[in-house]
Amino acid sequence: MSTDSNHTNSRRQFLRQAGLTAATAAIAGPAIALPMSASPTQNDDQRKVGFAIVGLGKYAQEQMMPAFKESKHAKITALVSGSPEKMQKLAKEYSVDAKNCYSYQNFDSIKDNPAVDVVYVVLPPGMHAEYVVRAAQAGKHVLTEKPMANTVAECQRMIDACRKAGKKLMVAYRAQFEPFNLEAIDRIKKGELGKLRYVTSDHGRQVKPTEDKADEWRVVKKLAGGGSLMDIGIYSLNAARYLTGEEPVEVMAMESTDHSDPRFKEVEDQIHFTLRFPSGVLATCTSAYSIETVKRFRAFGEKAFLDLDPATDYYEHNMTIGKADGEMKPSIKEGNQFAAELDHMAECVLENKTPKTPGEEGLRDIKLIMAIYESARKGKPVKV
Ligand code: NAD
């Protein structure tokens, strides 16, 4: 298509003008700060990084694809799906040319498509490793959904493949791009709570595989890797790490699952775990698939607490700071965390920066999740 090749040429031209060819942009390394306005003659769309969306399910359609409209540096240039009808409808809606629509079978030919810079994998976790590795082998940067993969070995394989290809790998931890979470991290770091003593975090909901198609794979171990912990308990875990700014040295966990419930034949329902951090801070976290929705955390310091409830929702976060003289609610502007996440990935490509949430960040959580499962199984603490 002529418009596409024109687009590609002008995009290459932009990268050249910015002092960064597509090839050098691909090489991982120290940050090179390039002004985004490096090419004032190009229009905004031509400056955008092209994303291929792999897996056109609920999260992709309802949250991430609409967020591209609010993104400054990312645009959808290709789709990958097993359903031609669904893909056709979405291609029309997002103005994706038919020649940029792929099946899972011909996905590897994306290597010949210069309109695609980044492959965004939004498939069930058990499929992440395969598509991340194939994307890297096709010479594309990769953004993959959380949890990164089912096993530590798969995470390592994904990291190795991207490193070998000289491509970026980012795990889509949207909360780390969300303004209320960033404000919480900042306030704790600046000492507003006094010395941090402990954190609690709860993530739960009702998993409904018979009512919601998107929950079908969530109760199948091969596709989900595990139960509530892999899917939503990971938010409790990741929050405990980014709020403390430390890495746990020990975990202790208990699981409670009613295996006679048809939802929990293969995966766990509740798992509660405590993390011990080197400073002495403890984090007590919960994860459940059989309760009314909760997505919150609270950090307790010697002088004050900081509560975010909801903390990791899509919109409408709510922060409360409690001190001896009462409670206050800081005024924080809501922001589009999905667009911020996409823009970060795009900037990493354009400016040759390492993502804030690289493959190693996803791997750390999966290693800890495995230690949490081990502790629950053995009924004793596990050093990590
Ligand atoms: P979904 O079931 O709606 O989407 C999964 C997509 O994968 C569907 O389009 C489905 O057709 C496709 N697929 C291809 N092969 C499949 C197979 N063998 N079995 C099942 N599906 C198959 O699920 P979702 O809720 O959109 O989740 C997709 C990914 O996004 C998961 O990794 C999930 O953890 C992640 N997610 C992240 C967030 C977040 O807030 N960051 C929220 C929801 C989901």
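Reader: What counts as a helix or a strand here?
Author: Both are DSSP runs numbered from the N terminus: helices are H or I, at least four residues, and strands are E, at least two. This is a predicted model, where local features need pLDDT of at least 70, side-chain atom pairs count only at pLDDT 80 or more, and totals for chains, interfaces and linings use all residues. Residues are numbered from 1 along each chain as its sequence is written, and side-chain values use heavy atoms, with hydrogens and water left out.

Reader: OK, where is Phe297?
Author: Phe297 sits in strand 11.

Reader: Is Phe297 buried or exposed?
Author: Buried: its relative accessible area is 2%. The cut-offs are under 20% for buried and over 50% for exposed, with partly exposed in between (1.4 Å probe, protein chains only).

Reader: What is Phe297 in contact with?
Author: Skip the neighbours within four places in sequence. Then Phe297 is in contact with residues including Thr200, Ala239, Tyr242, Leu243 and Leu308. Contact means heavy atoms within 4.5 Å. Ala239 is 58 residues from Phe297 in sequence, yet their C-alpha atoms are 7.8 Å apart.

Reader: Which residues have the most contacts inside the largest nonpolar core?
Author: Leu243, Leu275 and Phe297, in a core of 79 residues. Such a core is a set of buried Ala, Val, Leu, Ile, Met, Phe, Trp, Tyr and Cys residues joined through side-chain atoms within 4.5 Å. Helix 9 gives the largest share, ten residues.

Reader: Why does this core lie between domain 1 and domain 2?
Author: Because domain 1 (11-172) and domain 2 (175-335) both give residues to it. Those bounds come from an automatic or database domain assignment.

Reader: And Leu275, what does that touch?
Author: Beyond four places in sequence, the contacts of Leu275 include Leu237, Ala240, Val251, Leu282 and Cys285.

Reader: What does the second core include?
Author: It is separate and has 32 residues, among them Ile53, Met65, Met87 and Leu143.

Reader: New topic. What is the strand order in the open sheet?
Author: Its nine strands run 14-13-12-11-7-10-9-8-15, with mixed pairing. Two strands pair if DSSP finds at least two bridges between them. Strand 14 (326-328) and strand 15 (382-383) are the edges, each pairing on one side only.

Reader: How many bridges join strand 7 to strand 10?
Author: Seven. Strand 7 covers residues 196-206, strand 10 covers 282-288, and the two run parallel. Asp202 is opposite Thr286 of strand 10.

Reader: Which strands does helix 9 touch?
Author: Helix 9 (228-244) packs on the sheet against strands 7, 9, 10 and 11. Helix 11 (359-378) also packs on the sheet, touching strands 8, 9 and 15.

Reader: Where is Ser287?
Author: In strand 10. Ser287 is buried, at 0% relative accessible area.

Reader: Which side chain has a polar contact with that of Ser287?
Author: Ser228, at 2.7 Å. A polar contact is a pair of N or O atoms within 3.5 Å; within protein, one must be able to donate a hydrogen and the other to accept it, and residues adjacent in sequence count only if both atoms are side-chain atoms. Ser287 is also in contact with His203, Ile232 and His272, among others.

Terms used: Axes are lines fitted to C-alpha atoms, for helices over the stretch in contact, and angles run from 0 to 180 degrees between N-to-C directions.
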